[in-house]
Structure formats: structure tokens, C-alpha cells
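Have the model open while you read.

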Amino acid sequence: MTSLLTCKEFLGWLNEYLDETAAAEIRSLVESHISTCPNCWVIHDTTKKTLQVYKGMEPQLLPPEIHNRILSLLEKAALEKRAAQSD
Amino acid sequence: MPQPEAPQPEAPQLEAASPADETTLVHQAKAGDLAAFSELVTRYEGKVFRLTRHILNSREDAEDVTQEAFLKAFTHLDGFQENSRFYTWVVRIAVNESLMRLRKSGRRPMVSLDEPVDTGEDEMVRELAVWDETPEQKYSQEELRAILDQAVDSLGPIYRAVFLLRDVDELSTEETANALDLSIPAVKSRLLRARLQLREILTQHFKRKGDDILAYL
């Protein structure tokens, strides 16, 4: 492996770097690249922030009437299942 | 002489107070405990609804598909081999139901999560503006949610599901691949493209005013 990354190679390692699954040698190559390439520093920083804003996103609530409908359909399905087993 | 009762160790008390784990609930549900299955529904319905709403781009269709997915899971629970998490299994059912619905409606007859991805990295990065330190604080919760939802909806369907499962639900690459019936390299390439596309879209909202990359050269 070469000692320096190109911008294209940096993009290829970006996922692993952000997910902290990259090996120490790769982390060090990525860090050295972004410390000398302003464009890639911005890509790294803004992609990291993209993930941060989405990570705090709460799941949408299913409307209560749909939740209740699912539970009542499950009750019906459970009764049918039991009836089929006892036949 | 009766011995004083030994103090109860703390660990079991903590364990009893914690919610039942997924595997226990699945085993109870398989044994016929409807309350256990209802707990699984309550635990995951919001995530399944979010995913299907983004795949289908329709609230009503997503409500129907969420319902169908849990009913199907209940009906076929005995066939669930537990090689994966229950949530991954339900997601797989929900995604298949969603794609089937899209095909039937004719809205996206060719939709497939497995369609080839253009990995032209050169086209993936156009916006190079620096963001505010805490961009989300410029917006109310509702405004921020609308911006984030619109950005995800603007991705191609093949990228939406991968991004939501991997980066919002925080499933592993392997779990995402399993839920979507994709290979691990396919998940990785879709995820990179989804992340970079979202970065591009959000930059238009979050970039520092009057600032651009030239200031850093």
C-alpha cells in the first residue's frame, strides 16, 4: 500500500473510517489525507455531521388507531390459530 | 436457630426490572402468548412504519403494509428459524410487501433493491461548503424533521432502505444485508452513495452563511 491516499481512495475508505471499523493503518492514512486536503476534510466533516443529525431522529409514531387495529386483528388471528390447532 | 436471610444479590433484581429481551418475547409468542407478540409490535411498529413510509412515499400505504407485515409475521412465526433478530425478519417481510405493493400499483414497476448501482465516485461530490457547528439548532424540531425526511425521500428507493436500516436504526452491515436480501458489498456501496447524496442535499440547508471552501485553502 502507498503511504498517501488519493481523494478517490479516501472516498473508498470513508464509510469504514466514519463507522470506526477501519484498521489503525487506514485510519492514520485517512487522517493524514484530510489534514492536507481541504476538500476531503469538508466531505469528511459534513458526512459525519449528516450521520449525527439522523442518529438523533426518533421513529415516527404509528397512529394509535392503526396500532389498535393491528392488536385486534392479531387477537382474531390468534383465535383462528387456536381453533385450527384444536381441529 | 434460624439464620438471617442472606441479602439478595443486586443483579437479578436489575434483570427483573429490565424489559424482556427480544428472544424471550419471541419464545413466549411462539408458545402462544399473544401479549408477548403485542410487545414486539409495540417495540418495532414505529421503525417499520418509518421505513415503509419512506419506501412507499405514502402514509396510508405504509400503515397498511406495517399492519400486513406484523400479521404475516404472527401467522408464520413458527417458521421463524431465529437465525437473525426478529426485527430483521419483520423488516424483510415489510420490505417485500412494500415492493410488491409498488409493483402492483404500477407506480414503480421496475423497483428492485438489487438493481445495479452506479458507483461513479466522481459524481458523488459537488457541494463543498462548510457547515455550521450545530446546524440542527437553527431549526425547530418539526422543521428539522421535514428537512431530514425530504432529503431521504429524494434518494432513490434502493438507497433509502439501506440508509435507514444502517444509519438510523443502527443495524450492522450483515443485518442490513440479511433484511434486504443484498450482498454485503452491495450494502456498502449503496450506503456510501446514500450518505454522500444526503450530505449534498443537507449542505444546501446547513452550510455556513457567506462561507465556502475557498476560505480554507
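A polar contact here is a pair of N or O atoms within 3.5 Å; within protein, one must be able to donate a hydrogen and the other to accept it, and residues adjacent in sequence count only if both atoms are side-chain atoms. By that rule, chain B and chain A share nine residue pairs in polar contact, with both residues at pLDDT 80 or more. This is a predicted model, where local features need pLDDT of at least 70, side-chain atom pairs count only at pLDDT 80 or more, and totals for chains, interfaces and linings use all residues. Residues are numbered from 1 along each chain as its sequence is written, chains are lettered from A and ligands numbered from 1 in the order in which they are written, and side-chain values use heavy atoms, with hydrogens and water left out.

**The interface**

- Chain B puts 53 residues into the contact and chain A 38, where contact means heavy atoms within 4.5 Å.
- About 4,300 Å² is buried between the two chains, 65% of it from carbon and sulfur atoms; buried area is the accessible area (1.4 Å probe) that two parts lose on being put together, summed over both.
- There are four salt bridges between chain B and chain A, a salt bridge being a side-chain nitrogen of Lys or Arg within 4 Å of a carboxyl oxygen of Asp or Glu.
- A:Arg69 and B:Asp64 meet in a salt bridge, at 3.6 Å from N to O.

**A spot on chain A**

- A:Ala78 sits in helix α4 (residues 64-86) of chain A; helices (H or I, at least four residues) are DSSP runs, numbered from the N terminus.
- A:Ala78 has a relative accessible area of 8%, so it counts as buried (under 20% relative accessible area, 1.4 Å probe, protein chains only).
- Leaving aside residues up to four places away in sequence, A:Ala78 touches B:Leu34 and B:Phe74.

**Aromatic rings**

- Rings of Phe, Tyr and Trp (its six-membered ring) pair if their centres lie within 6.5 Å, with planes under 30 degrees apart stacked, over 60 edge-to-face and the rest tilted; the count over all chains is 10 aromatic pairs.
- B:Phe37 and B:Phe74 have ring centres 5.1 Å apart and planes at 65°, so they are edge-to-face.
- B:Phe37 is in helix α3 of chain B and B:Phe74 in helix α4, so the pair ties together parts 37 residues apart in sequence.
- Both B:Phe37 and B:Phe74 are buried.
- Ring pairs link a cluster that includes B:Phe37, B:Phe74 and B:Trp89.

Note on methods: Helix = DSSP H or I, 4+ residues; strand = E, 2+ residues; numbered from the N terminus. Buried < 20%, exposed > 50% of the residue type's maximum accessible area, 1.4 Å probe, protein only.
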